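Hello,

Here is the structure we spoke about. Please look at it first; my notes follow below.

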Amino acid sequence: MTDESTSEQIDRRKFLKVLGVTGGGALALSGCSTDRVTKLIPYLVQSEDQVPGVATYYASTCTECHAGCGLHVKTREARAIKLEGNPEHPVNAGKLCARGQAGLQGLYNPGRLKGPKARAADGSFQEITWDEAINRLADKVGAARGKIAVITGAAPGTFSDLLSAWTTALGGQVVRYHAFDHEPMRAANRQVFGIDELPAYDFAKARYIVSFGADFLETWLAPVEHQRGFAESHGYQDGQMGKHVAFGPRMSLTGMNADEWHAIRPGSDAVLALAMANLIMSERTGAPADANGLRGVLAPHTPEAAAQETGLPAEAIKRIAREFASAKPSLAVAGGVGNQHRGATELCAAVNILNYVAGNVGQTVNFGAALAAGDGYGSMNDLAKRLDAGEVTVVLVHEANPIYSLPKSSKFSGKFAKATFKVSTSLFLDETARECDLLLPGHHALERWDDARPRRGVTGLMQPVMQPVFNTMATGDVLLKVAQRLGGPLASISAPSFEAYLKTAWQTQVPRGSDFDTFWRGALQRGGVYGSAPATPVRLAPGAQQVGYHKPAFDGTETAGDFIFSAYPTSMLHDGRGANRPWLLEMSDPVTKITWHSWVEIHPDVARDLDVQEGEILRLTSPFGSIEAPAYVYPGLHPGLVAVPLGLGHTEFGEYAKGRGVNALDLLNGEAPGGFLPYLATRVSVAKTGKYQRVAKTEGNVRQLGRGIADALTLEQARSGVAPALAEKAGGHEGEENPPREVAALKGWREEQQEEARLGAYAQDFPKWAMVVDLARCTGCSACVTACYAENNIPTVGPEQILRGREMTWIRIERYYEGGESPGEPLETRFVPVMCQHCGNAPCEPVCPVYAAYHTADGLNGQVYNRCVGTRYCSNNCPYKVRYFNWLAYGQQAFREPLNLQLNPDVTVRARGVMEKCTFCVQRIRGAQNQARMEDRTLADGDVVTACAQACPSSAIVFGNIKDPGSRVARLASDQRGYHLLEDLNVRPSVTYLAKVLHEAEG
Amino acid sequence: MAKPVAGVLGSFVHIDAATEAIRALRAEGRTGLTVYTAAANHEVEEALGITSSPVRLFTLIGGLTGCAAGFGMTLWMSVDWPLLVGGKPIASVPPYVVLAFELTILIGALSTVAGTLILSLLKPTTGLAYDPSFSDDRIGIFVPVGPEQAGSVERLLKTAGAVEVRRED
Amino acid sequence: MATLAHDAHTPTQTHAEVTRDVVNTLGTAGRGYFMLLGLAVAMFLVGAVTFVALLKYGLGLAGYTPPVMWSVYITTFVFWIGIGHAGTLISAILFLFRSPWRTVVYRATEAMTVFAVMTAALFPIIHIGRQWFFYWLLPYPNSRYLWPNFKSPLIWDVFAITTYFTVSSTFLVVGLVPDVAAARDKMFGWRKKIYEIASLGWKGTHEQWRHYTRAYLYLAALATPLVLSVHSVVSWDFAMSLVPGWHGTIFAPYFVAGAIYSGVGMVLTILIPLRKALKLEHMFTEYHFDNLAKLTLFTGSILFYAYAMEYFVAWYSANKFEQTSFWLRAFGPMWWAGWTMIICNAFVSQLFWFKKIRTNLTALFVISIFINIGMWFERYVIIVSSLSNDFEPWAWGQMNPTWADWGILMGSFGWFGMWFLLFARTFPVVAIQEIKETIPWPRLRKGGH
Amino acid sequence: MRTLAFVGGGALVLSAVVGATTLGGRASPHPAAKDTTIVSSLTPGQIAKLPGPRQPIFFRHDIHAGQFEIPCRYCHYSVAVASEPGMPTMETCMGCHLVIGGTDSIAKAEITKVRKAWNDKQPIEWVRIHTLANFAHFPHQRHLKAMGPMACLTCHGDVKRMPQVYLVNKVNNMGFCTNCHMQRNINKDCTACHY
């Protein structure tokens, strides 16, 4: 709100009612019933930027991870209803990942703390007023005499500055704690280049990408930026296409998107990098001069030696090394959390060398950006020690949940408990907050003022886009109020509000020759100020000589039949912060397609040896603990590995997260040396419990049985203009063609049918909406699915319903395997986003007895919810099975207060007993048409963008009017890679898929 | 209850006797006979010289009406609010044949029954003498005559072989 | 079990005896009857409660697992519609063919038809997502100017079932009128009054017979194509779609044959106990069961052929989708259901080649149970197994029924049994007047006519 | 800024009042003003007889929109630009009623309510009269653009003459919409409204 002063005075209960006014449609949940809002409550004061029925967009910054993507927050009737990427933002350029979009469910989470609380004598929490709360905090910090520690997960920015200033003024210590802090990378950069920062990686430029277990499409650094770049580099464009090779013990989503994935022995990847560097050095000159000093160091690491260690054939290593060197520029990345073994630092150093000798540093590896990072695991351990020693009496935890994200074996919670007064500003009652004495729930990022500096040169602004949902207070204001009360050392820190503090801080940034207000307004509109970081040229530091390789070490004594344990982060749950968002829990994991619970991945061979079926509950035991979870047989593993995803197994953190799944951290060594938490450094024994639990996955048949659903061409075929071979694939006739007579007859019949159809409504002057999906760009990240959930009020159904296959994903990502059936044959993964194909001859339409499914004049396959009686015949007759039935009033349980505030008022909330499906975002189409009509113009290409197309980080989805020859969609649909799903059925889909392009398999 | 019709009611066990009686009565020029049987019997029909019933006309008319209604309804309703489904013509006859057929049968059958009722009501049986045994194993013949001629009729029936003759007045 | 009175081609009874025996079946019943009735009502109540639950919480209570959007309810719907067909076949078609053995059995089977259709007619309502909007399927004038979509096979269904129910119940009632009159004349007191009204003033005058016989003929003539059309329409619910396993040209005849097969099975299941309970052993004789068994054998063989054809065509078409679908039907997760259907229908009926089996009531009864089970599974397999693996492999899924499915299934049997039991004690289950028609009247002189 | 709006609004309406009372609405451009049926003060008896639900505040459209000719869009501010007509904010009311206290006792009483509500920062909870089922989407702006000045009348009736607004047309009945669309031969596509 631009005008806080007056609107603040509307009390919150009223505010919710105010939403009731025009958002009535959205608040009434019973969808297709005519129940109505009976009261009209007007705004007290009209805010200039809110017009009922018209969406207002505010620029802001995403705080779901430290990539600091820019946001456009869509608000209706003063409620945030959707998060989209900010096109002007250099990091994400208008795109947004699933986790970022689910930030909305953090804002409206039922598990949020509704106001300040303090622990009473009996240990329970009881509500207090903000004044009390601030007084207590002030008294305690006043009395602490410097024995104060602050654990903060906040991104660098003005608030963080205030926090440090505040703490240091009190003589306390600030620990910036990020669960995934990439310490090995920074250590390696110190060692090899003598620079302590995380560089920015330019995937778009790279022609050849080698990933040593860095999941850059999931959680590594800035996934959205990387995916954008990856799509640019790896997407097929006029005959050109980069190559991506992934090494690692587990095939993550990144590995699935690689042209080659090699399962190497866990922890042996450093020597691989060194061997490649060695080969490059020995075979070609042109490496930076100072690299020559490395020859000696690299000499012992021959490809053969590497082959020994990794289990890869030396030839493969040589080939990849040569390809890597010859592609200019190329890029090697390492340091993924899931691959943090004991030798992680060694690995990152080796990869630095590899990049350096290949001349990539400064090309695709750009120092100077200094990506946001914390103080690292080491300093957290130090703090733990100080807590243990009782050197700290007051702890303030902000946007961090160490008690969950540190392994139990680190005994952190015990040490934490030794502090006498513990304060949490968490929005939720998470594990750490549960241990605290004072809860000061802060505002959600969408409710408060702040800024973020994800990297040098980029500052994103956050502004309150709506009234706070609950009685919370921005922590910045808390700090200032405390300062106000205490004075003394804090006297220097004073501002009427954090907003004011922020503005003063920004005064310094005003460029010469412009006044603050215009500058500030401009920044607010653009979402921040975006410059480019000055590149910092780096040279090899003496430490570079220390690079080397040591055999991987693992906790636990090596015994027969045990496995290396991998705890890896998933793109949905990250470090566990996603676990209380229904969207992210229901969003099937892009790799395994499992929802709502934990699982243990085991290799098919191992499963055969141990006679383990999917769903059999396995007990994993390490020296540090043991967990039980159902087995999932996954071919993308090194046979010596078992893997469990991170992020679940919360003991607090709201109804959705609490008691769901297991916490993989329980098996890890919390006191491991080396300054980082090793996630791939433990041995576990696997025991069958004999218990079973059906795995709640959305996975169907993983083989496409040659039905030509996920089609692919080799690079050669694509270049030579071969169309995807559909005739034989799409089920019709084995190889041989129809006799010409039949072909002619079929063609004639089709035309006649279309002719007659025209009697109805394929009238010429209407547009025909169509979509193109480029499978060469799609990475299966599922951002589009979340976007669809947010845009179309799709309810989450929960694990029990998923077990019955009743998920409501209007757009789903199908993941098919190719090959991998005989030993040695590489396993290829293909992702196909499948939504309603809006067929011209839609089989679903004629079978509906009440015309609830019918064809609109503009080529949409219309679905009229309020006419539907629920015979479900349409779904039976849909070859793509993209129609979803609302079996049990899903809306009621999915959108309960306050989650219902996120509902999009432009879209009907479907009632129980009604068929629903992708509408090509018809509400956006009609909205754009209304707008165009108001402005007496016709729609232009790009006026209508569906939610999925808007979100897709790799821009694989394009939407538009296919009748307009100038439109992008029309051009792409005529691409020679284009094909339709199940084309032989002659249902004439409006969605064209562009076949994936494969590098010829070599070696 | 209408007032009883005067006449003579003869009850037979044997079919040939009954038919004989009928023939004799018709030879005498008696009209308005009513013959009761427990089941349809063509010998009786022959004796009475009955022509086949006009009920089939109702069936025909009903059937045709149904067929027309079927096509009319479907075609008109399709174009009344034209909606395109599955790229098929708005008013496509083939599927509508099914509905036309069903309505043909439905209205055809109903009108047949209606016809039977109407036709039966044209010859009301109220007031005619009746005996429960007629629905069992007896054949009844009722001759509406005045008291003056009743005697001769009784005699005729007896001679024909009636097991029982009753006079109604 | 009972041995059958020997060849009863020509009835040995007199008119009087027929009337007596049949009318004796009416009126007060024994404890066994009321226990059966109680059971039926109880089962019906289970179904009713389940339906209320469906109304309150939604169809999700049943075992639906996309892509299987139709399962037990539609299966049971088709099952009951099928049951009906034998009745109409025997009462109408065999009437036109002047088949002598139909006379005794037809009343019971016609009643079965009506109640089976009454049962089936419930399912289109039960199975839809918003049952309270069922009437939107009817073409009634409304303020929204909206009409149903007559291109949808479901609308054909609505019309076919309505017609079928109306016509077959009319046929039953018309047939009953003279018999009710006969009963009336044997009754006293309040019973007489009731039958008096029910007999619509039937006296059996030659005029009444004149119109009656004609009307009956035409009703039979109309019912004959109807019975063929109804199950064809039902089969088109599937054949009109493009689901592999449904999209077959042989479906109409295949389903009609199956319907009659299942119907005759049910007739046997009902008649064998009934004749005993009503002490009509001398009327329902070996001759009748022998013929029913032959009919079963005939239709069963047609099914045998149809099954074989389905698999052959699937293979011969070289269509991947069809091939996969049928392969999985036989060897997929639902193999057990697939084989139950084939064994119970195609093979068991072949036993009827042997007269010994055709005329052994115990064997007949057991086999008839197999037929009922087999035919229910036929529909279950065709519907569920075809849906669970069609075009999009990723969307494949298997479904398991829940209590809500079984509850409704049980309720449907209760509902059917309830009506049939009530009928059997209230109205003549044997057509008095038609039997009498076949009994020669006594004559004074020999020869003559 | 805000106070400016207050004074501005006040002035506008004040002039309108003066105009209407002193000049008796003579030479006013709109026919509704010549209309004499508008009785500026109603007896409680008459009020009781009025159709439609009783609102928390007896707001008289006939005086505001009829007599003083305040354009509909002055209060329903977003009706011409958005799908939602927009309810006048309390601020809008006070824009005039800071200055105007009402002529007769009833009016005075009602206006005091408004002022009280404003001082207590309690929005008035009007009783909703026109409602659409939430699966039907009605873009007001399009209809205003298409039908011009008569737009409001067509569905809401002649509010200018209603001392108390009541439901003239069953706007939530699809027949009401389709009738119009058919007469004018406008888009009958289902997804024009239902999505």
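How many aromatic pairs does a search of the whole structure find over all chains? The search gives 78. Rings of Phe, Tyr and Trp (its six-membered ring) are paired if their centres lie within 6.5 Å; planes under 30 degrees apart are stacked, those over 60 are edge-to-face, and the rest are tilted. A pair of aromatic rings is described by the distance of the centres and the angle of the planes.

Before the details, some notes on reading the model. It is a predicted model, in which local features need pLDDT of at least 70 and side-chain atom pairs count only at pLDDT 80 or more, while totals for chains, interfaces and linings use all residues. Residues are numbered from 1 along each chain as its sequence is written, chains are lettered from A and ligands numbered from 1 in the order in which they are written, and side-chain values use heavy atoms, with hydrogens and water left out.

Two of the pairs are in chain C. C:Tyr64 and C:Tyr73 are edge-to-face, with 6.1 Å from centre to centre and 80° between the planes. C:Tyr64 is buried at a relative accessible area of 0%, and C:Tyr73 is buried with a value of 0% (buried means under 20% relative accessible area, exposed over 50%, partly exposed in between, with a 1.4 Å probe and protein chains only). C:Phe423 and C:Phe427 make a tilted pair, 5.6 Å centre to centre with 35° between the planes. Here C:Phe423 is buried at 6%, whereas C:Phe427 is partly exposed at 25%. Both belong to one aromatic cluster, whose members also include C:Phe44, C:Trp80 and C:Trp419.

Charges also sit over rings (NZ of Lys or CZ of Arg within 6 Å of the ring centre and within 35 degrees of the ring normal). C:Arg102 lies over the face of C:Tyr106, 4.4 Å from the ring centre.

Now the confidence of chain C. Its average pLDDT (the predictor's confidence in each residue, from 0 to 100) is 88, and 96% of the residues score at least 70. Over residues 1-9 of chain C, pLDDT stays under 50. Where pLDDT is low, the predicted coordinates should not be read in detail.

Last, chain D. Of its 195 residues, 43% count as buried.

Regards

Note on methods. Contact means heavy atoms within 4.5 Å.
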